[in-house]
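Hello,

Here is the structure I promised to pass on to you. Have a look through it first, and then read my notes below.

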Amino acid sequence: MNEDLDELQNQIQICTKCSLNLSRKRAVPGEGNEKAKIMLVGQCPGDQENEIGRPFVGPAGVLLGRLISGIRLKRRDLWLTNVVRCIPPGRLPHSSEIKTCAPFLLEEIKIIKPKIVCPLGNIALSLLLRKPAQIHQFRGKPIPTHSYFLFPALHPAAALRQSNLMPQVEEDFRNLKAFIDSNPVLEPPPGQESLF
Ligand code: URA
């Protein structure tokens, strides 16, 4: 493994920067192909991720796996990660926890250098856009930045909570696949401050 990535994974596993370390069982680093061109960014670990220490291994992960194979990709071709690396006990992550954990994701993006970063849901989208944002406004449309395309998509867990959202979740993945297949060339927006 790339030494920088190895070091980052270790830092995540032993992190005590916020109080979530007191209630977590395991911190959850990203995983996948370290040369991945596509990075999917979730919100935070759930119960099973907390037990096992790997991202997207619970019910949302099973659905994500189906969505990934549905567009003829493989989990091992991608990089899967989260904004927050420790499970928040029975709640969403607080903004202070997101802020404390964000440098891990930004460093991960610098090391992996994906061409497309796909924030799944509001938390990942807002962090990567550097402003509060609603996924329903941005989903399915690529946003060029200086270093990669952002391709916001609904979080698969949304369809587990509300089954009527499943067609939209599937649509986002089909659109992601069409975008990948279009082999897009990054032309960073003039004057936009570099995100990283
Ligand atoms: N599992 C993860 O690793 N991340 C999520 O956002 C949801 C489930």
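The largest pocket is the space taken by the ligand. A pocket here is an open set of points on a 1 Å grid over the protein atoms alone, with protein on both sides within 12 Å along at least five of seven lines, and a molecule sits in it if more than half of its atoms lie within 2 Å of its grid points.

Please keep in mind that this is a predicted model, where local features need pLDDT of at least 70, side-chain atom pairs count only at pLDDT 80 or more, and totals for chains, interfaces and linings use all residues. Residues are numbered from 1 along each chain as its sequence is written, and side-chain values use heavy atoms, with hydrogens and water left out.

Around the ligand you will find Gly 42, Gln 43, Cys 44, Glu 49, Pro 55, Phe 56, Asn 82 and His 155, each with a heavy atom within 4 Å of it. Polar contacts are pairs of N or O atoms within 3.5 Å. A polar side-chain atom of His 155 is 2.7 Å from a ligand oxygen atom, and a backbone N or O atom of Phe 56 is 2.9 Å from a ligand oxygen atom. For Cys 44, a backbone N or O atom lies 3.1 Å from a nitrogen atom of the ligand. Of the 240 Å² of accessible area (Shrake-Rupley method, 1.4 Å probe) that the ligand has on its own, the protein covers 92%.

Just after helix 6, Arg 130 has a positive phi of about 60°.

Best wishes

Notes
Helices (H or I, at least four residues) and strands (E, at least two) are DSSP runs, numbered from the N terminus. A polar contact is a pair of N or O atoms within 3.5 Å; within protein, one must be able to donate a hydrogen and the other to accept it, and residues adjacent in sequence count only if both atoms are side-chain atoms. On a 1 Å grid over the protein atoms alone, a cavity is a set of points where a 1.4 Å probe fits but cannot get out, and a pocket is an open set with protein on both sides within 12 Å along at least five of seven lines; lining residues have an atom within 4 Å of a point.
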